[in-house]
Amino acid sequence: IMSGPPSPSPTRWFKALRTRLGEPCLKTYPLECVDLLRRARIAFQAGRTLKESFRLAQLEAVVRMLEEHECDFVDALGRDLHKPRFETVVFELIMVKNEALHAISNLKKWMEPQSVEKNLSTSLDECLVINEPLGVVFIMGTWCSPVQMCLVPLVGAIAANCALIGPSEYTVHTAELLHRLIPFYMDNECFHVILAGISDLPEIVELKFDHVFFTNREDGSRIAVAAARTLTPVTLILGGKNPCYVDQHCDITTTVQRIAWARFHNAGQSIMAPSYILCHTDVKARLAQALKCCLMQFYGPDPRESRSFGRMVNLEIFNRTRELLWRSGKVVVGGQVTEGEKYIPTVLVEVAESDPIMQQEVFGPVLPILTVNDVDEAIAFINKQEKPLCVYAYSTNNKIISRLMSETSSGSFCSNDCIFQSLMVALPFGGVACGMGSFHGRYSFDTFSHRKACLLRGTRFECVTYLRYPPYEDRNLSLMTWACTLSQKSQGWCQIM
Amino acid sequence: MSREQQAVARARKAFETGRSRPLEYRIIQLKNLQRLFIERQKEISDAVKKDLNKSEVGTQLYETLGLEGEISLAIRKLREWAAPRPVEKNLLTLSDTVYIQPEPLGVVLIIGAWNYPWAVTVQPLIGAIAAGNAAVVKPSEVCVHTAKVMEDLLPLYIDKELYPVVTGGVPETQELLRQRFDHIFYTGNSTVGKVIMEAAAKNLTPLTLELGGKSPCYIDKNCDISIACRRITWGKYTNCGQTCIAPDYILCDPSIQDRVIEEVKKSIKDFYTEKPKTCPDYGRIINQRHFKRIMALVGDSAVAAGGDGDESDCFIAPTVLRDVKPDAKVMQEEIFGPLLPILPVSGLDEAIKFINKREKPLVLYVFSADEKVINRMRDETSSGGFLANDCLVHFSVSSLPFGGVGNSGMGCYHGKFSFDQLSHLRGCLIKKLKMEGVNNMRYPPHTPKKLGCARFFILKTFDLGWVGRMLLLALMAVVAAFVLQVRETQAKSKKMLLFLFVCLFVSFHVFS
């Protein structure tokens, strides 16, 4: 599997991949990964990560790192994605801090063994579920929210695991910043940052980790197949086409504000943003007009000048989005594309279902609007596609919201707003069909732990236990069956074992 | 279209009609399944006897009794499990409704095993039905008679479109794996487990794997050896050792090895008489391939008891091997047969090191009267489950998650865990289009003032419980002051104070 030692020639050290501004990217080679994995495993087996004080110290270190280097993060994300300061601070840094603080205040509770309901035969024993760490885990980030997608799972992994983190190769400056900072703040043996390209990831996964956490919009199945070869459990948070239904009974101004914010922040590069709108025919014209006004309000007459508008991460994504844009529907707002700065301004398009833009995920500030005649058509349309990561619905009518929620399936659901459900630490965030597993808050901790069932019995009461031993007699069986029915009336399954 | 493709397509179509979603429907299906076990006990036991030579009592005890319990539990608790689960809100969502809604996944594939054919194939089915899914059941082809009985009986009791039974061997399983499922549930060995996981990975299908491994059993010097050995003997030789959670090998101090062997021999005689071959309660190996495999494992280890076998009957006597070395043949793979190797180790430390050098097992057993030994073993090793002073019974506690970790599997089930494993827990946030003023801080153009607001609202952790307690305290203090002012009498005011004190105490506990 492993290639030979890296040659020193420049073409191998500096891949063809370049950043948005044309700078070359560094990378960590597979041999080095083997070594880092070995060190992490030794540290884990020595039991370093088990103490509560160690875990709390690491979590506090993450918080400190984000606070002390806020400017550096803002700068790095600015260079990678032209992310405005507000978005970096709120969606990347504050979100991770929130998770870390939530973990710090709840860690003791999460670490405690839970007693479970006992049945008749185990009423004198101890039945516990213990949360055990898995070992060494591998967390791969994505480029659309680079810090958030690397560090939020890390907060969960600090539930006594060691971790190797692989930030996305596309957001070079952020990756290098994390590579530089994490060794300063976190334990050097337990946590490592590697810079790996997406094509190397399956190779690295086959080195055998105890859990793999992968956030990227495609290629999920290659990683899953690589993990299957070593029976490694995976959590995959992928994207999807998130539908957004706008009813004719809703407050258009507020609706449009919320949708526009969700779609166009980070220049549309977000897995949770609404991918397309399904609106009632009556509302279409008003919606388009309202969106125009709203965008004017947010980004001014020329979004290129606005400091609040981001950029695409690199040329490849830019070209792909532009292709989809030009071959679909009709432009209603925006539509200008400037290659020099890899920037596509806000665009709205009137689209048909078969257009290219509806066939793939769009990672750019393009919002297609499709019209439907009623809720039934909308629900049928949504159910025809793959199950998305999120389903959004805007309406003042509660019945319509309930219908949309119960008759569709998605990773999560939010009514009258977008993206918010993923900011909540108490809700699990993950997909169904477009990914597997979930995280955020307690769910991150559970993803990276093994719930070990423990039953601690005594050696007394052998006089009751003997009923189960051979030679099997009908008399004994009747006694046990009777006891079962007795216990079924009050509790769960019982066997006088 | 092949037979498998048709079954899956029909199941999906049936699921999409939505008839498996209402709770009443699911409960009816579960009740029908319950009836199957009550009415057809004879046919089930006959088939199991032909496959594994299990007595009728044995079948009931180990297979169907447990299933009946799980079905009753599911019927009783379904409403509670399927209800929306509210979660704690933050400051920004105080006026919204936030909850987790369990939803069915769709079409689930359940691949069963042959050692406890009913228990291991139907228990995930119970979870699938309870969660509102459609399920394609593929019983193991190795237990021929039971597979036939399942294929005949299940469609008579439960919806045959939603829950088809597909029988067949490797090619049929491969054809099934080419179809698209929403979850795959496999019980079996790790080699096939990897193949199944790879097939599932291509479609990004989540899966639950219940695999096996070598489950160690440590006997401490300080314990009641005769009871320990009885329980181990029962755990090991039930179903002729063909149990995924059977104690695979024993680790004990050399000084007690002879005593252990003696006690195990005694228990074997008590359970299965002097001639296990003629005892109706002693099982058989499932087929000749496994018979040959297990007999070969004895290798050159010293036999302390048993050791004989009869290929024509697939009978292997209950066997104990002594002074086994770590590199012996019998220690290289999961035995899954009636051979019990004893490895001498010099103490708890060596035992823990030995266990940790190997793959994580499905279960770990410890026999000791000393709580410290048990706790050390539990904390310093990792395994799917952990059981002290007994064997197998953690399987019957439906509030404990049953599953493996590492090479012994992923995911867990039993009781509510089956329901959760086969459902999608969907996060739901229901907001209103009002209070837009608060939202303004997140819209561009971004200003430092808006950033300050955002910082406050998101980071400020608001412990509503604490606020509630403080408010109540304040209220109590006010009432106390008022009461004391109004009531002048000494004696009465003392009683009032006491009463208020008790109220405060109680409400503190209620709020914390």
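A residue is called buried here when its relative accessible area is under 20%, exposed when it is over 50% and partly exposed in between, with a 1.4 Å probe and protein chains only. The structure is a predicted model, in which local features need pLDDT of at least 70, side-chain atom pairs count only at pLDDT 80 or more, and totals for chains, interfaces and linings use all residues. Residues are numbered from 1 along each chain as its sequence is written, chains are lettered from A and ligands numbered from 1 in the order in which they are written, and side-chain values use heavy atoms, with hydrogens and water left out.

**Chain A and the domains of chain B**

Of the 497 residues in chain A, 65% are buried, and its secondary structure comprises 18 helices and 16 strands, where helices (H or I, at least four residues) and strands (E, at least two) are DSSP runs numbered from the N terminus. Among the contacts of chain A (heavy atoms within 4.5 Å) with a separation of 6 or more, 70% join residues 24 or more positions apart. In chain B, the assignment, which is automatic or taken from a database, gives domain 1 (3-212 + 414-426), domain 2 (216-396) and domain 3 (464-508). The centres of domain 2 and domain 3 of chain B, taken over C-alpha atoms, are 63 Å apart.

**Aromatic pairs**

Rings of Phe, Tyr and Trp (its six-membered ring) pair if their centres lie within 6.5 Å, and planes under 30 degrees apart count as stacked, over 60 as edge-to-face and the rest as tilted. By this rule there are 23 aromatic pairs over all chains, including the two tabulated here.

| Pair | Centre to centre | Angle between planes | Class |
|---|---|---|---|
| Tyr249(B) and Phe354(B) | 6.0 Å | 70 degrees | edge-to-face |
| Phe271(B) and Tyr272(B) | 6.0 Å | 85 degrees | edge-to-face |

Tyr249(B) is buried at 1% relative accessibility, and Phe354(B) is buried at 10%.

Phe271(B) is likewise buried, with a relative accessible area of 1%, and Tyr272(B) counts as buried at 1%. Phe271(B) and Tyr272(B) belong to one aromatic cluster with Tyr469(A), Trp234(B), Tyr282(B) and Phe315(B).

**Charges over rings**

A charge sits over a ring if NZ of Lys or CZ of Arg is within 6 Å of the ring centre and within 35 degrees of the ring normal. The charged end of Arg358(B) sits over the ring of Phe354(B), 4.0 Å from its centre, while that of Lys431(B) sits over the ring of Phe420(A), 4.1 Å from its centre.
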